[in-house]
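Me: I would like to go through this structure step by step. Could we start with the terms and then look at the details?

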Number of protein chains: 2
Amino acid sequence: MHVRHCIVSAPGKAILHGEHAVVHGKVALAVSLNLRTYLELKATSTGKVSIDLPNIDTFLSWDLSDLQPLVSESFAKPDEAQRLDPELLGRLREFVGVADGNLDTRSMATLAFLYIYLSLFGSGWCQEDMELINSWAFQGERIIHGNPSGVDNAVGTWGGMLRFLSGKIIPLSRVPLLRILLTNTKVPRSTKQLVAGVKDKLTKFPSIINPVLDSVDAISCTCEKTLAEMTSEPITGEHYNVLEELIDINQSQLCVLGVGHPSLDTLCRVTLTHGLHSKLTGAGGGGCGITLLRPETDAAVVRDTVRDLQACGYDCWETSIGGPGVQQHGAPSVREDILERLGPR
Amino acid sequence: MHVRHCIVSAPGKAILHGEHAVVHGKVALAVSLNLRTYLELKATSTGKVSIDLPNIDTFLSWDLSDLQPLVSESFAKPDEAQRLDPELLGRLREFVGVADGNLDTRSMATLAFLYIYLSLFGSGWCQEDMELINSWAFQGERIIHGNPSGVDNAVGTWGGMLRFLSGKIIPLSRVPLLRILLTNTKVPRSTKQLVAGVKDKLTKFPSIINPVLDSVDAISCTCEKTLAEMTSEPITGEHYNVLEELIDINQSQLCVLGVGHPSLDTLCRVTLTHGLHSKLTGAGGGGCGITLLRPETDAAVVRDTVRDLQACGYDCWETSIGGPGVQQHGAPSVREDILERLGPR
């Protein structure tokens with residue numbers, strides 16, 4: 001378990017189009033979100049493994065000598081990333097004291113970290129390594145989420161944009177980097193309930209809802225085509241007009257499916273007064289929304305929009321989608337404020 | 001040209017579901033709106049024909065001897081209601097002094113009145129008479145509107161609800177009377193521009209918009225089925241739940257088609273805070289909306305809702321849809337305030 005000193009980062013994720021429709025066999029587009037999570041790995045000579053997750057107020061430390069007996073025989077082999085070892089997970093639950101069914105964020109993060117840490121640490125990323133990272137990230141998802149789609153780990157690994165259809169995930173070769181605002185309405189919602197609500201509507205009114213799902217599918221495909229054009233020909237204002245129109249249409253489609261929310265209507269209304277177009281991202285019913293910024297959108301417009309959204313009680317970040325996936329960083333290439341958060345050099 | 005003394009009335013019209021989709025070959029439902037227009041016909045011995053339209057500040061009077069030469073040979077025959085006589089219309093334009101292309105409300109009303117007055121006045125309404133009234137009303141529409149669908153005159157004549165598909169208008173045999181609020185946002189809009197906007201979206205994104213039109217079509221059909229059930233089985237809360245859900249879905253579909261408006265979003269938001277469901281009716285982009293009231297909706301709820309909508313600057317009427325079409329009234333059966341508006345007895 002030799003650990004080389006390094007800094008790595010992986011992007012966040014947003015659904016660009018196709019949330020909910022994807023549950024019913026339609027295309028969805030997932031994009032990397034350039035709000036990155038950084039991890040610094042430091043070698044120590046203390047005989048201890050420590051994990052510091054300041055975002056969730058978690059600092060934990062274990063004696064390596066206590067951890068080692070939990071690993072059965074050998075270090076993990078690449079193909080072990082394909083399946084979750086229920087015995088190792090069980091031993092870890094017992095070791096950390098996390099009961100089955102406990103879904104507390106800190107417990108989940110700790111379990112996922114220890115499982116992956118004990119199973120693997122390599123370095124140097126060729127295509128095969130990337131696939132390995134993706135597989136291990138998926139194991140983390142399985143520990144935390146239960147029945148993950150595989151989109152989150154794939155976007156975190158490959159970045160850019162992924163086409164997601166009937167459980168099949170296809171990374172799109174080239175997509176432009178798009179400036180966005182990510183807004184958290186802070187309205188809590190239950191993804192499970194929202195997904196069930198759409199299912200109920202589909203069962204109750206198949207002749208009404210099925211065509212809407214087809215229409216959402218066409219939104220994702222049209223968006224994918226437009227983004228591909230933006231990498232193969234000069235980007236024009238018309239490209240952005242289409243992206244904005246698709247955002248407006250998809251937002252209304254999601255309202256047809258019953259997963260809108262007054263807080264999201266407010267988001268759309270407020271941003272539109274600044275000439276910007278928004279949609280919910282993910283489950284809806286509150287939660288987060290994305291707002292497209294055009295290349296020419298002035299910093300003052302962004303500032304005023306953020307101010308108005310904050311006045312609604314929302315949290316707001318200016319960031320981008322379609323950026324790189326998991327990355328290794330030399331310390332000089334990492335932003336000062338991030339290095340500070342990672343702790344003393 | 002013998003005129004018998006009588007009072008007649010005809011209902012207003014609202015589109016319940018299917019506006020815009022109907023332009024693209026889908027079903028729409030038009031309903032009578034119990035905001036009635038009353039007309040009192042009085043015999044005179046002055047040798048004058050007078051028309052008093054207080055709503056549009058119009059009082060006009062002509063010598064019958066001046067009008068008579070405008071009619072070519074004989075009084076109109078029923079089948080003349082099937083076509084507009086361009087020569088008579090031309091003579092009337094000249095007589096009244098209304099240039100072709102002048103679409104002023106008073107001029108249009110005067111032309112339509114004189115055309116129908118000079119062509120026909122009969123009495124006693126069997127089925128055939130109703131068809132005749134409908135045909136003559138359609139001629140009035142042609143004079144005023146240019147290229148009317150025939151829905152407005154049909155709803156005014158037959159009342160109740162009509163199914164409208166590819167230019168074919170089918171009166172539905174039995175529909176329940178539904179309490180509604182009619183709200184005028186007073187936001188002006190151009191129907192022509194809105195219809196063209198939907199056409200443009202359809203041309204630009206056929207794979208996205210065509211399924212939405214299919215979905216709207218299914219809304220109209222589901223609504224028709226639900227209303228039919230409400231006349232053949234005991235009305236339950238679930239019937240109203242479905243009607244409300246269809247209203248919400250159709251409103252979002254119309255936003256997908258791009259004919260929503262912030263004023264209509266406000267209407268929906270305000271009424272929903274009182275537990276009531278609304279949609280735009282007609283062209284959208286402002287204009288009017290309808291809000292369904294349930295049988296058990298309390299008068300206090302209606303009053304508070306109207307107060308909140310008026311605070312938004314909207315006009316609001318409590319009325320009903322699905323009521324009778326054109327009617328003849330004995331004076332005792334007409335409401336006092338209406339008799340007063342019609343003038344001295």
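Predicted model: local features only at pLDDT ≥ 70, side-chain atom pairs only at ≥ 80, totals over all residues.

Me: Through which surface do the copies meet?
Reply: The copies meet through the same surface, because 100% of the interface residues of chain A are also interface residues in chain B.

Me: On to helices. At what angle do α6 and α7 of chain A cross?
Reply: The axes of helix α6 (residues 191–204) of chain A and α7(A) cross at roughly 125° and come within 6 Å. That makes α6(A) oblique to α7(A).

Me: Why does that count as oblique?
Reply: Angles of 65 to 115 degrees count as roughly perpendicular and those over 145 as roughly antiparallel, while those under 35 degrees count as roughly parallel; the rest are oblique. The crossing angle of α6(A) and α7(A) is roughly 125°.

Me: Which residues meet there?
Reply: From α6(A), the residues are K201(A), L202(A), T203(A) and K204(A); they meet P206(A), I209(A), N210(A) and L213(A) in α7(A). By class, this contact of α6(A) with α7(A) has 4 nonpolar, 2 polar and 2 charged residues.

Me: And what about the helices in chain B?
Reply: In chain B, the axes of helix α6 (residues 191–204) and helix α7 (residues 206–232) come within 6 Å and cross at roughly 125°. Therefore α6(B) and α7(B) are oblique to each other. Here K201(B), L202(B), T203(B) and K204(B) in α6(B) meet P206(B), I209(B), N210(B) and L213(B) in α7(B).

Me: Where is T226(A), and is it buried or exposed?
Reply: T226(A) is found in helix α7 (residues 206–232) of chain A. With 7% relative accessibility, T226(A) counts as buried. Not counting residues up to four places away in sequence, T226(A) touches H239(A), V242(A) and L243(A).

Me: New topic: how many aromatic pairs are there over all chains?
Reply: The structure holds 4 aromatic pairs over all chains. In one of them, the rings of Y115(A) and W136(A) have their centres 6.3 Å apart and their planes at 55°, so the pair is tilted.

Me: Which parts does that pair tie together?
Reply: Y115(A) lies in helix α3 (residues 105–119) of chain A and W136(A) in helix α4 (residues 127–145) of chain A, so the pair ties together parts that are 21 residues apart in sequence. Y115(A) counts as buried at 2% relative accessibility, and W136(A) counts as buried at 3%.

Me: What is the arrangement of Y115(B) and W136(B)?
Reply: That pair is tilted, because the ring centres of Y115(B) and W136(B) are 6.3 Å apart and the planes are at 55°. Both Y115(B) and W136(B) are buried.

Me: Last topic: what is phi of H20(A)?
Reply: Phi of H20(A) is near 70°, a positive value in a residue other than glycine. H20(A) is in the loop between β1 (6–17) and β2 (28–41) of chain A, and counts as buried at 5% relative accessibility.

Me: And D57(A)?
Reply: D57(A) is not a glycine, yet has a positive phi of about 50°. D57(A) is in the loop between β3 (48–53) and β4 (58–63) of chain A. D57(A) is exposed, with a relative accessible area of 60%.

How values were computed:
Residues numbered from 1 in each chain as written. Chains lettered and ligands numbered in written order. Heavy atoms only, no water. Axes fitted to C-alpha atoms, helices over the stretch in contact; angles between N-to-C directions. Helix = DSSP H or I, 4+ residues; strand = E, 2+ residues; numbered from the N terminus. Contact = heavy atoms within 4.5 Å. Buried < 20%, exposed > 50% of the residue type's maximum accessible area, 1.4 Å probe, protein only. Phe/Tyr/Trp six-rings, centres within 6.5 Å; stacked < 30°, edge-to-face > 60°. Nonpolar A, V, L, I, M, F, W, Y, C, P; charged D, E, K, R; others polar.
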